[in-house]
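Here are a few friendly notes to read alongside the coordinates. Could you go through them with the viewer open?

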Amino acid sequence: MYAIETDNLIKKYKDNIAVNGINLKIKQGELFALLGTNGAGKTTTIKMLSSLILPSLGTIKINGLDIFSNSQTIKQILNVSPQETAIAPNLTVKENLEFMAGVYQIKYKNEKIEELVNVFNLTEMLGQKAKVLSGGWQRKVSIAISLINDPQILFLDEPTLGLDVIARRELWKIIEKLKGKITIVLTTHYMEEAEKLSDRIGIMSKGNLVAVATADELIRQCDAKNFEDAFVKIATGDEL
Ligand SMILES: Nc1ncnc2c1ncn2[C@@H]1O[C@H](COP(=O)(O)OP(=O)(O)OP(=O)(O)O)[C@@H](O)[C@H]1O
Ligand SMILES: [Mg+2]
């Protein structure tokens, strides 16, 4: 059984086809990186896969369950850290964590919050309102919150955008620890990040999924010097 399986996934916004018929299979425990230039359709895909928006056409199965007939079950087993950091600005960091623990009815709430505070080094930030934190810290809190329900499938839309080099490396370590235990789909504009973290990479261009393979395979297929060159070739359609 695949963690994620889509068939002819399409999202249209009036005349604009944001996602144009994606067929994708992601294995359980796999870390899949979705790449593509601005506007390629990555966020729209993530939003459909994580049940934040509905497809215009096509099907999605999460752990073998169709999203249309099992939406409640599916929402319990996944979580998403959106591209636009999603935390309540007027609540403190602690209140944000408590609020989401409440939403998911987490049993051992205090233990779970303490665990996330330790993993993400949030102790000093706990009493501060989210809106006064720097952008990078808000992002870290947002990612910590996305782990509150121990999701089996985690979607991270540009998780390291705006993080400093140290914070980025810390987050990579956290993601590497989760690797293999849960299924992760992440988007990024950092080629190094995709290469370092992912099992496989999907490249989107104008709503289409134009390549799916490992970083090494993509480099070979394109006869490229490195992954960035391979990405540029594929994303701009040079090799097609
Ligand atoms: N709510 C919306 N209404 C109308 N059009 C939208 C909406 N959301 C996305 N689009 C359009 O869908 C297309 C894909 O956008 P999307 O946000 O998925 O791209 P992306 O690959 O995530 O880009 P980026 O790297 O800039 O985040 C774009 O043309 C965008 O303008
Ligand atoms: Mg996006």
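1. A polar contact here is a pair of N or O atoms within 3.5 Å. Keep in mind that this is a predicted model. With that cut-off in hand, look at the start of α6, where a side-chain oxygen of D164 comes to within 2.9 Å of the backbone nitrogen of I166.

2. Just after α6, G180 adopts a positive phi of about 90°.

3. Which residues of α6 are buried? They are A167, R168, L171, W172, I174, I175 and L178. Viewed down the axis of α6, these buried residues fall within an arc of 165°, so they line one face of the helix. V165, I166, R169, K173 and K177 are exposed on the other side of α6.

4. The cover over the buried residues of α6 includes the strands β3 (31-36), β7 (153-157) and β8 (183-187), along with the helices α4 (109-119), α5 (135-146) and α7 (191-197).

5. Turning to the sheet, six strands form an open sheet in the order β6-β7-β8-β3-β9-β10, with mixed pairing. β6 (78-81) and β10 (208-213) are the edge strands, each pairing on one side only. From one strand to the next, the twist averages 15°.

6. Four bridges join β6 and β7 in the parallel sense, and V80 has F155 in β7 as its bridge partner. Lying across β6 and β7, α5 runs at about 175° to β6. Helix α9 (residues 227-236) also packs on the sheet, where it touches β3, β9 (200-205) and β10; the direction of α9 makes about 35° with that of β9.

Technical notes:
Residues numbered from 1 in each chain as written. Chains lettered and ligands numbered in written order. Predicted model: local features only at pLDDT ≥ 70, side-chain atom pairs only at ≥ 80, totals over all residues. Heavy atoms only, no water. Buried < 20%, exposed > 50% of the residue type's maximum accessible area, 1.4 Å probe, protein only. Helix = DSSP H or I, 4+ residues; strand = E, 2+ residues; numbered from the N terminus. Arc of directions from axis to C-beta. Contact = heavy atoms within 4.5 Å. Polar contact = N/O pair within 3.5 Å; in protein donor to acceptor, adjacent residues only side chain to side chain. Pairing = 2+ DSSP bridges. Axes fitted to C-alpha atoms, helices over the stretch in contact; angles between N-to-C directions.
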